[in-house]
Amino acid sequence: MNETSATDIRPLVLVEGLRKSFGSHEVLKGIDLSVQRGEIVAIIGPSGSGKSTLLRCVNQLETHTAGTVTVAGVTIGPDSASHDRELQKLRRNVGMVFQSFNLFPHLNVLRNVSIAQQRVLGRSQAEADERSMQLLTRVGLADKAKQYPARCSGGQQQRIAIARALALDPQIMLFDEPTSALDPELGLEVLAVMRELAEGGMTMIVVTHEMHFAEDVSNRVLIMADGEIIEQGPSREVMQKPQTERARQFLSAVRDR
Amino acid sequence: MLDILGNLVTGVPMTLFLTFGALLVGVILGIPICMARRSHHPVLSNLAAAVIVAIRSIPPLVWLFLIYFGLGSGILRLSPLVAALGGLGLITAVNMAEIYRGSLAAIHAGQWEASQALGLPRWSRLVEIIGPQVARISLPAVATYAIGLLKDTAVASIIGVPELAFKGTYLSQQTFKGLEIFAAVGFLYIAMSLPIAWVSRLVDARIRQRVAQ
Amino acid sequence: MSEILGLWLEWLPRLLGGLWLGCKVAGLSLILGIPLGLVLALTVQAKSTVLRAATLVVVEIGRGTPALVLLQLAYFGLPSAGLTLSAMAASVLALAVCAAAYTSEIIRGGLEAVAAGQKEAADALGMSRLDKLRFIVLPQGLAVALPPLLGFSITILQGTSLCFAITLPELISQAYAIGASTFRYLPALVLASLLYAAICIPASMLVGVLERRLGAHHRA
């Protein structure tokens, strides 16, 4: 932890000139983004604007076409000719929560949270299980430890997925529309866990459709459209007094829903 | 009729041994074939595809003949049983590879992504995350295949493996009661396939109950 | 190598003759078996319990018994019931029974794939049961069943190799006989395999194309 002490003023995440194409279609058109330790950044924008792709480039689930991504000192260049080892190093610091939870259906809840601790951090099963139980307690699901994911509600599955990601002690958490697949009331329990994480000082990038979360919990909001960041700034300012016409249109459209 | 049945039943263990032996060969050998078929290396994946098509387009009996009489005439002498296990195992292996491939395609991309995002090493992703799910999805298809294979093992009688159909042929030559004998042989094959179907449904239901989505 | 090519050229007419016989047996079995399969596919859905049960028994016996045993039953078994068939007739009979049982399941699957709304629409228009079947359910259901039926036809062609066991002089019998008289089993059997592959590979590719076409048509 000494190379990344709390007084480190370098950004935890630095994205420079990021471009990404799928075939001839350019999804990200030169994105620059830096995220400081402890910051909570919400990315909003219409579907197809490239916000999920940007998030997935941060932990290299998508390779990018040009530019660089740096997380906690590990830099990855375009079309990652980078070794598996570099990727592993980068991902070690990054936790990710998916829209569709992606829990492992054949493992019980405890194994879901423990397995990567054993394989990636080299913890013993007992150590891993102990840590998993702490985290499951924190998300309010200690009683589900021996259940299989299919027996849990969507909201519970997503909270387990958050515990699974936290179990590797990441420096930053990425959330890819974590409540979009959930009924509103189940989404609320997930948002509550995220809010708690935010209050605990976790660095977070959250792609979301939840305008309240963007406005109330995050420090900074990015609005994306057509592969570009069209507006960004402190949450309240962006949400209440957007500067560009497109941002105004988008915000009024989602608010009318 | 009872003494006919009693006589035929002595061929049942060999039929079951052939079935499960070839299945075991195929279930294991199918894994590398499937991995080759899905490889990003174009030469390897095309080669695997060609092998799969070639093996499937030639009838089982022809494979047994190729191995037993073809190789056996001066290249590699094998016992009928080994030749039959080899031939049926080979055919089973390419079919298993295709079953696995279908199951892999049915696994949600999020499972790969989640295990990557967690930074799980490659072996763990394959063995602990994807492999068990492929096995679970493949199970019903493998069971159906096993029942088909049970019947396909009858061809081994033609190269002289003393299994059920062989006993039937032998007995009918001895007694000239062909109708009863072959009817009894057919009955025994059906009787053997029932428990396989039953066990597979039971196992499938149990897994489904646990991890149903 | 050139020696083997010379042998192959010499053997080819005889093997092609065997292949042609296999094709004839497969064709006849399918011509008899598929209509019977259609009948079984309909009677398995019949209102009468007896008819339904009888159909199920026929289908399960046809599918549960190895084709080789059906062939031996027809050729070695029926004579003891006073019915002696030629190898050709026994082959066609056994493989037709096998084809009927398997194709009945394929056709049933196709008929079940016809959307319930189609049947309701026909009912709502006041069509008779027979007209509904003839003009609405069968055309759509058989279209769905066509690719697997063709796939099964390839299986039946491969299955004619089993007629070796009842002395039908088809492709494998010819190759085996050549091997036995020349002791050149391997080249003879390899040529026979190539002939099977030459028919089965293009045929399965055709089935694949048809499947994709039909899939596209249904999605449209």
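This is a predicted model: local features need pLDDT of at least 70, side-chain atom pairs count only at pLDDT 80 or more; totals for chains, interfaces and linings use all residues.
Student: How many helices and strands does the secondary structure of chain C come to?

Tutor: By that rule, chain C has 8 helices and 0 strands. Along the sequence the pattern reads α-α-α-α-α-α-α-α. The C-alpha trace of chain C spans about 70 × 50 × 20 Å along its principal axes.

Student: And what does the secondary structure of chain B come to?

Tutor: Chain B comes to 9 helices and 0 strands, with a C-alpha trace that spans about 70 × 45 × 20 Å along its principal axes.

Student: What share of chain B do buried residues make up, and what share of chain C?

Tutor: A residue counts as buried if 20 or more other C-beta atoms lie within 10 Å of its own. Of the 213 residues in chain B, 44% are buried, and of the 220 residues in chain C, 42% are.

Student: Which chains have the most contacts between them?

Tutor: Chains B and C, among the 2 pairs of chains that touch. A contact requires C-beta atoms within 7 Å of each other, and 35 residues of chain C are in contact with 31 residues of chain B. On the chain C side, α2 (49-64), α3 (67-77), α7 (171-182) and α8 (185-219) each give two or more residues. The largest share, 11 residues, comes from α8(C). By class, the side of chain C that touches chain B has 24 nonpolar residues, 10 polar and 1 charged.

Student: What makes α8 of chain B roughly parallel to α3(C)?

Tutor: Set the angle against the cut-off: angles under 35 degrees count as roughly parallel. Helix α8 (residues 164-175) of chain B packs against α3(C) at about 10°, with the axes 11 Å apart. The angle is under the limit, so α8(B) is called roughly parallel to α3(C).

Student: Which residues of α8(B) meet α3(C)?

Tutor: B:Ala165, B:Gly168, B:Thr169 and B:Ser172 meet C:Leu68, C:Val69, C:Gln72 and C:Phe76. By class, the contact of α8(B) with α3(C) has 4 nonpolar, 4 polar and no charged residues.

Student: Where does α2(B) bend?

Tutor: At B:Gly30, by about 30°, with a proline, B:Pro32, following within four residues. That bend is the angle between axes fitted to the seven residues ending there and the seven starting there.

Student: How many residues does the contact take from chain A and from chain B?

Tutor: There are 19 residues from chain A and 20 residues from chain B. On the chain A side, α2 (84-92) and α3 (109-121) each give two or more, and α3(A) gives the most, with 4 residues. The side of chain A that touches chain B divides into 11 nonpolar, 5 polar and 3 charged residues.

Student: How far apart are the nearest C-alpha atoms of chain A and chain C?

Tutor: They are 24 Å apart, and chain A and chain C do not touch.

Student: Why does A:Asn102 count as buried?

Tutor: The cut-off is 20 or more, and A:Asn102 has 24 C-beta neighbours inside 10 Å, so it counts as buried. A:Asn102 is in the loop between β6 (94-97) and α3 of chain A, and has a positive phi of about 55° although it is not a glycine.

Student: Is C:Phe183 buried or exposed?

Tutor: Exposed takes 12 or fewer, and C:Phe183 has 11 other C-beta atoms within 10 Å, so it is exposed. C:Phe183 sits in the loop between α7 and α8 of chain C, and its phi, near 60°, is positive in a residue other than glycine.

Key:
Residues are numbered from 1 along each chain as its sequence is written. Chains are lettered from A and ligands numbered from 1 in the order in which they are written. Ala, Val, Leu, Ile, Met, Phe, Trp, Tyr, Cys and Pro count as nonpolar, Asp, Glu, Lys and Arg as charged, and the others, Gly among them, as polar. Axes are lines fitted to C-alpha atoms, for helices over the stretch in contact, and angles run from 0 to 180 degrees between N-to-C directions. Angles under 35 degrees count as roughly parallel, over 145 as roughly antiparallel, 65 to 115 as roughly perpendicular and the rest as oblique.
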